[in-house]
Amino acid sequence: MKFILLFSFILLIQTGIAQTKPIGIFQFNKDIGNPKITGSAQYDKPGKVYTLKGSGYNIWFERDELNYLFNKISGDFVLTANFEFVGKGTDPHRKIGWMVRASEDDNAQHATAVVHGDGLTVLQWRETKGAIMRDPQDEIFAPKANYQIIQLERKGKELIMRAAHVGEPLQLIGSHVLVGLPNEVLAGLFICSHNPTVLEEARITNVRIETAKTSGQTGVGVKCPKGAMLYFDGTAEMLHKNWEYWKGPRFSTELPIKWEIVADPINGGSAVSSNDPAGAGGKYGAADIVTRQKFRDFRLHVEFLVSKNGGNSGVYLQNRYEIQILDGDSTAHGMAAVINEEASPYSAYNGTGKWNAYDIVFRAARFKDGIKVKSPMVTMYFNGKKVHTNKSISQVWGGPNSGIDGGNDGGKGITDTPGGIKLQAEGHEVLFRNVWIKKLDLKKADTDLKF
């Protein structure tokens with residue numbers, strides 16, 4: 001009996017049962033194809049860094065060998081992350097990236113968004129289970145090399161790859177339709193050394209998995225619900241009644257508000273432009289507007305339209321914490337980012353010349369005897385897609401010109417005072433409309449509410 005149990009244990013090890021203890025946001029970690037050297041995955045929570053180690057002869061021909069950190073996902077989704085190898089490595093064709101597989105079999109149908117050790121960046125695929133991958137029929141090469149940001153999106157049977165260098169917008173690399181791809185697939189990060197006797201290592205940051213789940217009570221055009229208050233409807237009357245300039249250190253204009261009421265270029269009606277002359281040249285804080293009313297916990301809906309490429313503004317929660325509006329930027333300083341805290345969910349952006357919507361639930365910082373005991377927290381939908389969930393915010397970013405407490409201890413000295421909703425003027429034509437707010441009283445540290 002002992003021999004049978006020992007044999008069964010060895011068999012489980014040899015067959016490579018996937019590790020099921022969560023690693024960051026991923027549920028499974030496994031060596032695919034039984035490579036000679038066992039791989040591993042780790043997650044550093046404070047630094048938000050995944051470290052993958054893996055071996056394997058290749059991901060090519062009729063079978064694959066790799067280390068795989070993945071989830072099981074149904075339906076459409078978008079995978080985005082920053083990738084870098086650790087060390088010079090052995091083989092220039094070592095690989096890291098995103099992979100979508102039909103199963104854990106080493107000859108499974110799959111699509112991979114790959115960065116090689118020499119910088120070569122490719123979308124490649126195995127058309128059907130057991131098929132021999134062909135060069136160049138089963139791959140699309142990126143026009144440049146050494147991309148750091150890699151994105152792989154699934155839309156039905158189509159897999160779409162985008163890539164960018166840090167600080168640049170994502171660019172389409174290519175797409176391919178995998179006929180027969182099941183609804184539920186494996187999706188995650190991988191590493192392959194391209195040499196069965198070598199173990200390679202990679203670091204992956206800003207990892208995001210966005211699913212297609214949306215809410216009918218979020219997104220562009222959602223009307224002000226019962227219990228909420230409409231703060232801007234596109235009219236000058238409501239602008240001057242509910243809003244004022246924020247008089248921070250850089251304030252350099254005077255009332256009345258100079259933000260111009262303009263025609264809505266899409267739906268008719270009117271909107272307001274953030275292109276206040278005093279904010280020209282990126283002088284945030286010179287002509288920002290803020291609600292006269294101050295808030296602690298709340299739900300916020302705001303719609304915006306970026307008129308031109310590179311358009312820049314921002315939405316400030318409690319006149320402290322910025323949710324960025326910046327066309328063309330997919331970094332932690334980019335579109336819809338909790339600025340400098342959480343990476344941009346750029347794929348949810350509708351683009352320039354179109355209306356976009358932020359739906360935000362915010363819980364203010366909590367204090368006891370004047371000392372902060374709970375950090376502020378936010379959950380956000382971007383155009384109906386949940387992109388931030390119970391994200392804790394560490395500080396006010398941008399210095400004293402950015403908002404309340406920006407100059408206190410480098411932004412870390414958050415005080416127990418309510419603040420308004422602020423819209424930023426930086427000399428760009430960004431339009432706003434349909435801004436409404438509902439006051440909340442969130443006893444628990446949870447902003448992931450059902451609408």
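What is the volume of the second largest cavity? In this predicted model, the second largest cavity has a volume of about 30 Å³.

## Cavities in the structure

Rolling a probe the size of a water molecule over the atoms shows where empty space is left. The volume of the largest cavity is about 40 Å³.

## Lining of the largest cavity

The lining of the largest cavity is formed by Arg296, Gln318, Tyr321, Ala364, Ala365, Phe367, Ile414, Thr415, Asp416 and Thr417. By residue class, this lining comprises 5 nonpolar, 3 polar and 2 charged residues.

## Lining of the second largest cavity

Around the second largest cavity stand Tyr321, Glu322, Val338, Ile339, Glu341, Ile393, Gln395 and Trp397. Here the lining residues divide into 5 nonpolar, 1 polar and 2 charged. Tyr321 is listed in the lining of the largest cavity and also in that of the second largest cavity.

## The surroundings of His194

A further site of interest is a histidine in a loop. His194 is found in the loop that runs between β15 (184-192) and β16 (200-211). Leaving aside residues up to four places away in sequence, His194 is in contact with Gly56, Tyr57, Asn58, Asp91, His93, Arg94 and Lys95.

Two of these neighbours are joined to His194 through side chains. The side chain of His194 makes a polar contact of 3.2 Å with the side chain of Asn58, and a polar contact of 3.2 Å also links the side chains of His194 and Lys95.

Technical notes. Residues are numbered from 1 along each chain as its sequence is written. This is a predicted model: local features need pLDDT of at least 70, side-chain atom pairs count only at pLDDT 80 or more; totals for chains, interfaces and linings use all residues. Side-chain values use heavy atoms; hydrogens and water are left out. On a 1 Å grid over the protein atoms alone, a cavity is a set of points where a 1.4 Å probe fits but cannot get out, and a pocket is an open set with protein on both sides within 12 Å along at least five of seven lines; lining residues have an atom within 4 Å of a point. Grid points are joined across faces, edges and corners, and a volume is the space filled by probe spheres set on the points. Ala, Val, Leu, Ile, Met, Phe, Trp, Tyr, Cys and Pro count as nonpolar, Asp, Glu, Lys and Arg as charged, and the others, Gly among them, as polar. Helices (H or I, at least four residues) and strands (E, at least two) are DSSP runs, numbered from the N terminus. A polar contact is a pair of N or O atoms within 3.5 Å; within protein, one must be able to donate a hydrogen and the other to accept it, and residues adjacent in sequence count only if both atoms are side-chain atoms. Contact means heavy atoms within 4.5 Å.
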